[in-house]
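Morning, everyone. Please look at the model on the screen, and I will walk you through a few parts of it.

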Amino acid sequence: MADLYSYFFERGITLLASHGRFGIIVANKWMRANYGGPLRAWMKSAGLDKVIDFGDLPVFKDATTYPCIIIAERDKKGQTFFAANVEELTPNDLAGYLSAKFFTMTAASLSDDGWMLMEERKIGLMQKIRSAGKPLGEYVNGKIYYGIKTGLNEAFVIDTGTKNRLVAEDPKSAEILKPFLAGRDIKRYAPPTSNKWLIFFPKGWTAQQGWNDKNAWTNLCSTYPAIARWLEPFEVAAKKRCDKGDYWWELRACDYYDVFETTKIMYAEIATQGQFIIDSNGWYGDTTSFIIDSDERWLLGLLNSNIWTYVFGTISSSIRGGFYRWKYQYLKIMPLPNVSEVDQQRLSSLVDNLVSAKQEVSLSTSSPHKATEIRIQGIDRQIDQLVYKLYGLTEDEIRIVEGE
C-alpha cells in the first residue's frame, strides 16, 4: 500500500560503502502520508545530509510530481542535516539559491506523524501549539465524516431545473430530494449556494417500506413515478456499482446519514485556508466536502482562524496552486486549546456577527458595500487575536504565523 519508490531508500543506502552518498529525486508524499511512517522512522537514523522540498513547483514539464531531493551518507556521524523549502525555480543556479535557503535541523526534531521542514524556532512554536490541548478528533469523538459517494452522479445528482420538473410532475418527489453541494460551494462563514440535488434512497430504505424483490420496482414506480422515470435509463449502470444498497436505486450503506440532517460543521476538502461553515438547513455534501458532528459556534471560529491554516499547512501535503488537502488524517490531530466558557461565548458572539455580515453580502443584489467588507475583516481579525491568546502566543510567535 506504499509507493514503490519507498523501498529504494533502504536498498540504496544499505548497498553503499562506508561514507558513500545516496541521492534520490522522488515525490514528497512519503514525508507526510500515513504509509510513509515506517520510512520516515528509518530515515531519521540513516545519515540524512540534505532534504530539499520543491512543494508544488512544476519542476518537470507537463508532469505533476511534487518532487523532493533526499541526500544521505552511510555511517554519517551526528544528527544534523540541511533542509530547504524551494519557493521558486532557479534552474541555472539551484546551488546558489539553496545556499541562501538552507537551514539546519536535527533528525530528532522530525515528527513521526509527518516531517515538517522548518527552523528550530518554528519547531518550538509548533510544539507549543500542539501541547495546548487535545486533538480535534478526540474532542469530537472521531465524528469527522467525508461526503456521500453515489457511484453514479449522473443518475443520483440532478440540477435545480430537473428537480423542479420532477416535483411539478409529482409533488411527492420532493420527499426524496436533498440539497447537495460540493466542496467548492463551501466558503468560510458564508451560507452555501448550489443548484444540485441528491436523489436519496439510502441502503435499507426499500425494505423499510415493506417491499420485496417481486414488487419493489413496481411499488417505487407507483409511489414516486417521476423519480422512477428519471432513474430507469440508468438501471444497467447503477447495477454495476461495486458499492450500492440492497437495490440498484439505493445508495451505499452509511452510518451517519442522519448527521447531514442536523446542525453540523461542513468544510471543503481542497482549500488554501480553512473553509468551514455551520449548516442547519440539511445540506448533504459530495466527496470533496467533509462534515463534523458539532454545532459549537466557537469551534467554527477556531477552525477558520489564521493559526489553524498555518498549523495545517505544516502537516498536510499541498497540491498545485498552494492548496491543502483538508483530509481527516490530518485534521484529527490538529490541537485544540483549552477554551473557558467565557472565551467560548466571546468567540461564539464574534462568529455570529461574522456569519450575519456574510449573510448580508450573500443577500445583496449589488457588489458588497465597502463598509461591510471592512466590518468582516475587522471581526476576522478579532477572532484571530482571541485564538492567538488561547494558544498563549507571544508577539514574536504571532509574527511567525502571519509570515512577517
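Start with helix H1, where Ser6, Phe9, Gly12 and Ile13 are buried. Buried means under 20% relative accessible area, exposed means over 50%, and partly exposed is in between, with a 1.4 Å probe and protein chains only. What covers the buried residues? The cover includes strand S1, helix H2 (37-43) and strand S3 (67-73). Contact means heavy atoms within 4.5 Å.

Some ground rules. This is a predicted model: local features need pLDDT of at least 70, side-chain atom pairs count only at pLDDT 80 or more, and totals for chains, interfaces and linings use all residues. Residues are numbered from 1 along each chain as its sequence is written, and side-chain values use heavy atoms, with hydrogens and water left out. Helices (H or I, at least four residues) and strands (E, at least two) are DSSP runs, numbered from the N terminus.

Next, the loop between H1 (6-14) and S1 (21-27). His19 has its place there. Is His19 buried or partly exposed? His19 is partly exposed, because its relative accessible area is 46%. Leaving out residues up to four places away in sequence, His19 touches Glu73, Arg74 and Asp75.

Now a sheet. Four strands form an open sheet, in the order S8-S10-S9-S14, with mixed pairing. S8 (157-159) and S14 are at the edges with a single partner strand each, so one side of each has no neighbour in the sheet. Two strands pair if DSSP finds at least two bridges between them.

Take the pairs in turn. S8 and S10 are antiparallel, with three bridges. Ile158 stands opposite Trp197 in S10. S9 (residues 177-181) and S10 (residues 196-199) are also antiparallel, over four bridges. Here Lys178 stands opposite Leu198. S9 and S14 (residues 284-285) run parallel, joined by two bridges. Phe180 has Tyr284 in S14 as its bridge partner.

How covered is S9? Five of its five residues are buried. Leu177, Pro179 and Leu181 are on one side, Lys178 and Phe180 on the other, and both faces are covered. In a regular strand the side chains alternate between the two faces of the sheet. Helix H7 (residues 160-169) lies across S8, S9 and S10, at about 90° to S8.

Strand S5 (residues 103-106) has one covered face and one uncovered face. Phe103 and Met105 are on the covered face, Thr104 and Thr106 on the uncovered one. S5 runs antiparallel to S4 (residues 80-85), with four bridges. Thr106 is the bridge partner of Thr80.

Last, two helices. H15 (residues 341-363) and H16 (residues 370-390) pack at about 160°, with their axes 10 Å apart. Axes are lines fitted to C-alpha atoms, for helices over the stretch in contact, and angles run from 0 to 180 degrees between N-to-C directions. H15 and H16 are therefore roughly antiparallel. Under 35 degrees counts as roughly parallel, over 145 as roughly antiparallel, 65 to 115 as roughly perpendicular, and the rest as oblique. Among the residues that meet are Leu347 and Leu350 in H15, and Ile376 and Ile379 in H16.
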